[in-house]
Amino acid sequence: ALADSPADADTERALLGLAVNFMEWGKWPEAEQQFQLLQTRASDEAMLRLATIGLADTFYAQRRLQEAQPLYVACYRRWPDFIKQHPQVLLKFAEATMALGQDPLARRLYNILYNLYPRTLDAPLALVQIGDSFRRAGSSDRARLLYADAVARHPGTLGETIARMRLAELR
């Protein structure tokens, strides 16, 4: 088995391939096991980064956010540029962080996502999430500004529709 193979680049690539395929097939425990094994065997930063993010994504997919979020935090601290270059990873990090009630950090992450990728489908939703966070914190005026921004800058999107609903709720 691969777990008993000597550590080398070919074995690491095989473990990564297995883990990714298990994720695609929805076999989360198997993916988790392969990513954890790869984390312990990774011989370079790139493979360690892929293993750690893969493990976080596996936890995220299973809604095990309390396990996923610390891994995203560790990745962001160690490889911030890589995380910023991968909007889907940044989005999962922000969503997990918000779901765990860490609103100030989540707002920063959504803001980074919005500023780096203002034309993606997730951009207007990021504004809505930031607005929702401010609204929960009692800052309705700040929330209203963010919702209005989503409406003005992103017509015809889901984010615009949700932002319009939030604005109506604030009236």
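## Close-up views of a predicted model

**View 1. Thr-52 within helix α3.** Thr-52 is found in helix α3. The model shown here is predicted. Thr-52 counts as buried because its relative accessibility is 6%, and buried means under 20%. Beyond its neighbours within four places in sequence, Thr-52 is in contact with Gln-39, Leu-71, Cys-75 and Trp-79.

**View 2. Helix α2 and its cover.** Helix α2 runs over residues 28–41 and has 14 residues. From first C-alpha to last it reaches 20 Å. That is close to the 20 Å expected at 1.5 Å a residue. Which residues of α2 are buried? They are Ala-31, Glu-32, Gln-34, Phe-35, Leu-38 and Arg-41. The cover over these buried residues includes α1 (9–24) and α3 (45–61).

**View 3. Phe-35 in the largest nonpolar core.** The largest nonpolar core has 53 residues. Phe-35, Tyr-72, Ile-83, Tyr-110 and Tyr-147 touch the most other members. Helix α3 gives the most to this core, with eight residues. In soluble globular proteins, nonpolar side chains tend to be buried together. Phe-35 belongs to the buried residues of α2.

**View 4. Glu-12, a buried charge without a salt bridge.** Glu-12 lies in helix α1. Glu-12 is buried, yet has no salt bridge. How far away is the nearest side chain of opposite charge? That side chain is Arg-41, and it is 6.2 Å away. A salt bridge needs a side-chain nitrogen within 4 Å of a carboxyl oxygen. Arg-41 is itself one of the buried residues of α2. Glu-12 is in contact with Leu-38, Arg-41, Ala-42, Ser-43 and Met-47, leaving aside its neighbours within four places in sequence.

View 5. Side chains of opposite charge can pair when their charged atoms come close. How many salt bridges are there? The count comes to 11 salt bridges. One of them joins the side chains of Arg-78 and Glu-45, at 2.5 Å from N to O. The pair links distant parts of the chain. Arg-78 sits in helix α4 (residues 65–78) and Glu-45 in helix α3, 33 residues apart. Arg-78 counts as partly exposed because its relative accessibility is 47%. Glu-45 is partly exposed too, at 38%.

**View 6. Asp-57 and Lys-92, a link between α3 and α6.** The side chains of Asp-57 and Lys-92 meet in a salt bridge, at 3.6 Å from N to O. This pair also links distant parts of the chain. Asp-57 is in helix α3, and Lys-92 is in helix α6 (residues 87–99), 35 residues apart. Are the two partners buried or partly exposed? Asp-57 is buried, because its relative accessible area is 11%. Lys-92 counts as partly exposed, at 22% relative accessibility.

View 7. A salt bridge joins the side chains of Glu-67 and Arg-64, at 2.7 Å from N to O. Glu-67 counts as partly exposed, at 36% relative accessibility. Arg-64 is partly exposed, with a relative accessible area of 25%. Salt bridges that share partners join Glu-32, Arg-64 and Glu-67 into one network. Glu-32 is one of the buried residues of α2.

**View 8. Arg-63 in the loop between α3 and α4.** Arg-63 is found in the loop between α3 and α4. Its phi is positive, about 60°, although Arg-63 is not a glycine. Arg-63 is exposed because its relative accessible area is 51%, and exposed means over 50%.

View 9. Helix α10 covers residues 158–170 and has 13 residues. At 1.5 Å a residue it should span 18 Å. Its end C-alpha atoms are 19 Å apart, which agrees. The buried residues of α10 are Gly-159, Glu-160, Ile-162, Ala-163, Arg-166, Leu-167 and Leu-170. They cover an arc of only 165° around the axis, so they lie on the same side of α10. These buried residues pack against α8 (122–136) and α9 (140–153).

Definitions and conventions. Residues are numbered from 1 along each chain as its sequence is written. This is a predicted model: local features need pLDDT of at least 70, side-chain atom pairs count only at pLDDT 80 or more; totals for chains, interfaces and linings use all residues. Side-chain values use heavy atoms; hydrogens and water are left out. Helices (H or I, at least four residues) and strands (E, at least two) are DSSP runs, numbered from the N terminus. The expected span of a helix is 1.5 Å times one less than its number of residues. Buried means under 20% relative accessible area, exposed over 50%, partly exposed in between (1.4 Å probe, protein chains only). Contact means heavy atoms within 4.5 Å. A nonpolar core is a set of buried Ala, Val, Leu, Ile, Met, Phe, Trp, Tyr and Cys residues joined through side-chain atoms within 4.5 Å. Lys and Arg count as positive and Asp and Glu as negative; His and the chain ends are not counted. The arc is that of the directions from the helix axis to the C-beta atoms.
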